[in-house]
Amino acid sequence: MGTTRLAVALGAAALTSALLAVTALGPRPALAAAPCASGPPASAWIETSVTVEERGHDTAVLRSTTWVGVPRDWAGAAALLGATTTDGCLLPEGGSSSAAMSPDGAEVVVRHTEETPVQLYGGEWVTQLAGLWSVRQSGRTWFVALLPAPADLPPGLAKARWRAVAVRAPDSGVRGVQPLPSETRPDHTYVWRDAAAPPRVEVALRMSARAEFQRWTNTQGEAVLTVATYLGFALPYLLLAVLLVLLRRRSADPGERALAGIMLGALAMITAVETITAVLVLSGTAFFAHLFGLTDLGAILVLAAPLFAAAWRSVRRRMRRPSPVSADPVSTDAGPTEAGAGEAVSTSSGLDALTGPAFGGVVLAGVALVAVSGFGPLAKRHAYEQPDLTPIASAVATALLLTGAAWVIAVRAARVPGRRTPRAVRTLLRWSVPGLALLTLGFVAHAVVIGLLDPWQSLPDVVGSPFFLLSSLAYLMWPLVVLLLLLLLRLHGRRTDTVGPLTAWLVVFLFVVGTIRWPSTYAGMPVPLAALTGLMVLPLLLRLTRRAEPPDPGVSRRRLAMVVEEHRTLETREKGLRRRWAAGDMDDAAYHRENEPVVERIGRLRGEIGLDPRREDGLTPLDLALSRGPGGSWWANARLASRYASYVGAPSAVFLIWATWSADSTGHDGWLDRLREPNGFYGLAGDLIGGLLIWPVAGFVLGALWRRLPGRRGYLKGVVPVLAYGAATGAHAMLNNLIGQAPVRGSLVRVLLLFLVLTVVAVLMDARTLQTRPGGLASRLTPVAVVYRLGTAGSGIALIVAQAAAILGLWTQLRHGIDITSQVDTSTQAPPSTDAQLFQSRPGG
């Protein structure tokens with residue numbers, strides 16, 4: 001009896017498993033549509049084709065196109081005209097449809113198109129459908145098949161005649177074709193014609209090397225993909241951390257060491273989640289750690305650490321004060337390191353809220369948010385039946401905690417350089433930290449809306465888990481690194497007038513972090529190729545074009561500009577006297593009598609600014625002035641160039657953001673379509689921040705390296721950073737095109753725009769250098785126009801030619817359309833030309 005019961009139980013289990021497998025692997029219920037309301041047409045014809053191609057960001061796409069013709073006198077024909085979707089009578093639901101009359105007016109022809117991305121990480125033999133076609137994966141083979149069973153077809157096609165069936169696979173090798181096709185065309189195109197019943201078409205396709213690599217990384221190569229993802233995101237930050245460690249060891253300035261330590265803490269916070277992910281995946285404990293909430297707890301601790309550290313410092317400082325109220329705003333009994341680091345800030349700076357009585361309440365509120373964030377999701381983690389809005393509180397709390405941590409880091413760093421935080425830094429903090437709060441809350445709100453609009457009524461992981469939310473927002477935290485690098489460079493600028501090797505490396509990292517974004521994905525593998533290329537190319541170019549910094553003239557900028565103007569006038573007079581003497585208009589005595597005062601005055605002017613009075617050094621006051629720039633130090637030059645670049649680059653920023661988001665990564669209409677995606681707001685925020693920050697950061701780098709860059713005229717100095725940026729983005733585009741991932745069409749446009757902006761900034765820098773009197777823009781540009789000799793043979797010709805070439809190249813790119821920054825060339829996404837040759841019966845070609 002026991003054996004019989006066991007056999008019955010095993011048989012029932014086997015039958016249940018078989019039914020579940022058939023349900024999972026069978027076609028979707030949408031194909032088994034309800035009967036036609038007007039009855040099936042008496043006659044109909046079908047032409048259908050499918051194309052399997054690799055397109056976009058490492059995506060294989062199954063694109064189905066089907067034409068169905070029905071008699072005009074069929075009762076349901078009138079309802080087809082003007083409809084954009086089908087009711088399942090003639091064609092499967094989904095995709096897009098359109099109907100039109102045939103040229104002879106006897107038929108109504110319906111055109112149905114549908115695209116399905118072919119998932120490489122799906123299980124074996126899992127079927128994906130697009131229109132009347134399906135694709136399933138087994139090993140390294142894709143099986144593309146036409147749904148052959150009459151029961152699987154819409155009821156209106158029961159009596160249809162199959163005029164033509166075509167399969168096209170231009171990017172894949174073909175392992176087998178069943179049955180034998182009526183016609184074989186190039187690009188792996190197979191055609192079956194004139195079948196009374198639907199043919200049982202099946203084509204076995206060999207995956208491309210790139211698709212096999214992606215499949216391996218998504219299945220068997222999980223550990224490799226995890227390490228690559230971690231390095232792709234964190235490697236530039238880790239290199240910066242190495243530089244900061246060296247800075248802390250070599251610097252004798254306690255404030256500089258303190259700021260380097262703060263930056264190391266910020267980098268640790270940014271990369272902590274990816275580090276935790278890599279450790280858990282490699283150890284095989286990721287699933288259980290997330291199941292029991294350990295990953296969320298780790299994310300909360302990462303964000304709470306800066307807050308508790310700031311609270312502890314505040315409490316310790318208050319405990320060590322001799323009296324509750326001190327007349328001196330600077331703590332008198334702070335430790336030697338803290339006092340040397342300039343811990344205290346004047347109360348007028350507006351940043352003393354961290355040491356005030358309200359700070360305890362802020363910390364307590366942070367603890368409450370930590371509790372909500374840590375325990376809120378755990379109570380509802382397994383409730384998937386109904387939409388659950390409880391995790392929203394967790395996501396909002398995590399976003400606010402992240403903002404608080406960034407605020408603490410920024411304020412703590414702003415206090416290091418001196419007793420009073422500069423106005424520019426306070427302004428930056430006032431805008432950046434609230435901007436970060438709005439960004440994080442906007443990201444959460446967008447994720448919630450997308451989740452509520454999901455037909456499966458589920459919220460994205462970034463809403464239900466602080467760990468996943470912090471992992472996504474970590475990719476948008478690089479502006480905080482830019483702020484900290486600027487503060488560290490400001491500290492350098494107050495101590496030195498020249499750019500040393502360590503300062504130059506900090507400027508290089510600022511250039512890479514602020515202008516080049518990473519990681520980029522190649523065949524499913526994240527690699528910071530552009531960032532690493534920029535880190536190598538810019539120092540190499542600076543070394544190859546290295547020149548000695550010009551000497552300090554020992555006078556003010558305005559006095560130097562007046563010396564340049566007078567010296568240029570005296571040189572012009574000297575040349576005129578020499579020409580008159582050479583032409584015989586003057587005798588030797590008259591020439592020496594008039595020329596000697598000029599030569600003596602030139603010598604005195606040159607000696608005043610530290611040049612050789614006899615002019616044997618080959619330098620002129622003009623060369624000295626333009627080489628040093630308008631600022632008294634490299635920091636002053638960098639600050640002025642950054643301000644100019646912000647103004648000049650504003651139109652370019654607006655244009656790039658608009659152009660990027662007017663078309664999505666597959667060339668479709670951009671704004672609304674991309675915001676409907678789960679990561680749409682993330683992409684918009686990244687493009688917005690990158691489009692706005694690239695110009696002031698590039699201007700700052702130009703100004704900081706002004707005295708080391710080659711060229712005796714300013715417009716030549718922007719060539720080195722533009723070449724470095726072009727090499728970085730060019731390496732990204734070349735690798736994309738080499739592996740056939742997607743043509744990057746916006747790289748050249750960005751390089752040309754950067755060249756135009758930096759050239760204009762350099763001209764404005766030269767104009768400021770040569771300005772001798774206050775006035776408008778015209779009076780400022782007049783001296784530099786004279787120096788450039790515009791309109792005559794001279795350096796102005798080179799400027800005009802370079803600008804004209806850049807504008808011509810930009811115009812050439814703009815002719816391709818507004819989707820110039822799209823990852824995909826939309827001109828290649830038209831229906832295959834073979835369709836027009838195969839199917840001649842559809843109206844309008």
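What share of the contacts in the protein chain between residues at least 6 apart in sequence join residues at least 24 apart?

## Overall composition

In this predicted model, 72% of the contacts between residues at least 6 apart in sequence join residues that are at least 24 apart. The secondary structure of the protein chain comes to 28 helices and 14 strands.

## The pairing of H14 with H23

Helix H14, which spans residues 478-495, and helix H23, which spans residues 680-704, have axes that come within 12 Å and cross at roughly 15°. Because angles under 35 degrees count as roughly parallel, H14 and H23 are roughly parallel to each other. The handedness of the crossing of H14 and H23 is left-handed.

On the H14 side, the contact is made by Trp478, Pro479, Val482, Leu486 and Leu489, and on the H23 side by Ile689, Gly690, Leu693, Val697 and Phe700. Sorted by class, the residues in this contact of H14 with H23 comprise nine nonpolar and one polar, with no charged residues.

## The pairing of H20 with H25

From H20, the residues that make the contact are Asn637, Leu640, Ala641, Tyr644, Ala645 and Val648, and from H25 they are Val757, Val760, Val761, Leu764, Met765 and Arg768. By class, the contact of H20 with H25 has ten nonpolar residues, one polar residue and one charged residue.

## Buried residues within helices

When residues up to four places away in sequence are not counted, Glu256 touches Leu247, Ser251, Leu488, Leu491, His492 and Arg495. Helix H14, described above in its contact with H23, spans residues 478-495, and the residues touched by Glu256 include Leu488, Leu491, His492 and Arg495.

Asn595 is found in helix H18, made up of residues 588-608, and at 8% relative accessibility Asn595 also counts as buried. With residues up to four places away in sequence left out of the count, Asn595 touches Glu574 and Leu577.

Val784 lies in helix H26, which runs over residues 777-788, and with a relative accessible area of 3% Val784 is buried. Leaving aside neighbours within four places in sequence, Val784 is in contact with Val763, Asp766, Ala767 and Leu770. The C-alpha atoms of Val784 and Met765, which are 19 residues apart along the chain, are separated by 9.7 Å, and Met765 is itself one of the H25 residues that make the contact with H20.

Most residues other than glycine have a negative phi, and most peptide bonds are trans. The peptide bond from Gln178 to Pro179 is cis, with omega near -15°, and Pro179 is found in the loop between strand E9 (173-178) and strand E10 (183-185).

His188, although not a glycine, has a positive phi of about 55°, and its place is in the loop between E10 and strand E11, the latter covering residues 189-195. With a relative accessible area of 33%, His188 is partly exposed. Asp194 likewise has a positive phi, of about 50°, although it is not a glycine. Asp194 is found in strand E11, and its relative accessible area of 56% means that Asp194 is exposed.

Methods: Residues are numbered from 1 along each chain as its sequence is written. This is a predicted model: local features need pLDDT of at least 70, side-chain atom pairs count only at pLDDT 80 or more; totals for chains, interfaces and linings use all residues. Side-chain values use heavy atoms; hydrogens and water are left out. Axes are lines fitted to C-alpha atoms, for helices over the stretch in contact, and angles run from 0 to 180 degrees between N-to-C directions. Helices (H or I, at least four residues) and strands (E, at least two) are DSSP runs, numbered from the N terminus. Angles under 35 degrees count as roughly parallel, over 145 as roughly antiparallel, 65 to 115 as roughly perpendicular and the rest as oblique. A crossing is left-handed if the near helix is turned anticlockwise from the far one by less than a right angle, and right-handed if clockwise. Contact means heavy atoms within 4.5 Å. Ala, Val, Leu, Ile, Met, Phe, Trp, Tyr, Cys and Pro count as nonpolar, Asp, Glu, Lys and Arg as charged, and the others, Gly among them, as polar. Buried means under 20% relative accessible area, exposed over 50%, partly exposed in between (1.4 Å probe, protein chains only).
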